[in-house]
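Take a look at the protein below.

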Amino acid sequence: SWHVPSDEEWQSMEMFLGMSPSEASSAGWRGTDEGYQMKSTSGWDANGNGSNSSGFNGLPGGLCDSNDCRNFGYYGYWRSSSESGSYSWMRELGSYHDYVNRTNFNHDYGLSARCIKD
């Protein structure tokens, strides 16, 4: 079976890719080139492609809410299973960044999910 990764599992991957433990547990845009390692080699606008050296193959799927979908081609957003009230920790990759954003996101938004095999 499969599961949506917890925030701790995201942090483990980020540390494996070179992020320090203190960076991995902090919020906001952090790291050095971990996002570049996670982004696919094509599909990102504004010359934002990555190396995909991690094998994650992150694509810029954007996000949706009750009004519209946006940021397709420029940003990718992934859920974690770690929830706090109406919010969950998520990860964001962007065309203009080689690092990774860790932030809380409202459950009302439609984000991508990358599952881990049990």
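The paragraphs below go from the whole chain to its details.

This is a predicted model. The protein has three helices and eight strands. Along the sequence, they follow the pattern β-α-α-β-α-β-β-β-β-β-β. The radius of gyration is 13 Å, close to the 13 Å that the globule rule gives for 118 residues, so the protein is as compact as a globular protein of that length. Along the principal axes, the C-alpha trace spans about 35 × 35 × 30 Å.

Of the 118 residues, 40% count as buried. The accessible surface comes to about 6100 Å². Carbon and sulfur atoms make up 49% of that surface. Among contacts with a separation of 6 or more, 48% join residues 24 or more positions apart.

Start with helix 1, which runs over residues 7-16. Which of its residues are buried? They are Asp7, Trp10, Gln11 and Glu14. These four cover an arc of only 100° around the axis, which puts them on the same side of helix 1. An α-helix has 3.6 residues a turn, so residues three or four places apart point the same way.

What covers that buried side of helix 1? The cover includes helix 2 (21-24) and helix 3 (34-38). It also includes strand 2 (28-30), strand 5 (75-84), strand 6 (87-94) and strand 7 (100-106). After helix 1 comes glycine 18, whose phi is positive, near 125°.

Zoom in on one residue of helix 1, glutamine 11. Its relative accessibility is 12%, so glutamine 11 counts as buried. Leaving aside neighbours within four places in sequence, glutamine 11 is in contact with Ala24, Ser25, Arg91 and Arg102.

Next come the nonpolar residues. In soluble globular proteins, nonpolar side chains tend to be buried together. The largest nonpolar core here has 10 residues. Trp10 of helix 1 is one of them.

Finally, look at the cysteines. A disulfide is a covalent bond between the sulfur atoms of two cysteines. How many disulfides does the model have? The count comes to one. Cysteine 64 and cysteine 69 form it, with their sulfur atoms 1.9 Å apart. The torsion about their S-S bond is about 105°, so the disulfide is right-handed. Cysteine 64 has a relative accessibility of 29% and counts as partly exposed. Cysteine 69 is exposed, with a relative accessible area of 54%.

The cut-off for a disulfide is 2.5 Å between the sulfur atoms. Cysteine 115 is partly exposed, with a relative accessible area of 38%.

Notes
Residues numbered from 1 in each chain as written. Predicted model: local features only at pLDDT ≥ 70, side-chain atom pairs only at ≥ 80, totals over all residues. Heavy atoms only, no water. Buried < 20%, exposed > 50% of the residue type's maximum accessible area, 1.4 Å probe, protein only. Helix = DSSP H or I, 4+ residues; strand = E, 2+ residues; numbered from the N terminus. Arc of directions from axis to C-beta. Contact = heavy atoms within 4.5 Å. Rg over C-alpha atoms; globule rule 2.2 N^0.38 Å. Areas by Shrake-Rupley, 256 points an atom, 1.4 Å probe, with all protein chains shown as cover. Core = buried A, V, L, I, M, F, W, Y, C linked by side-chain atoms within 4.5 Å.
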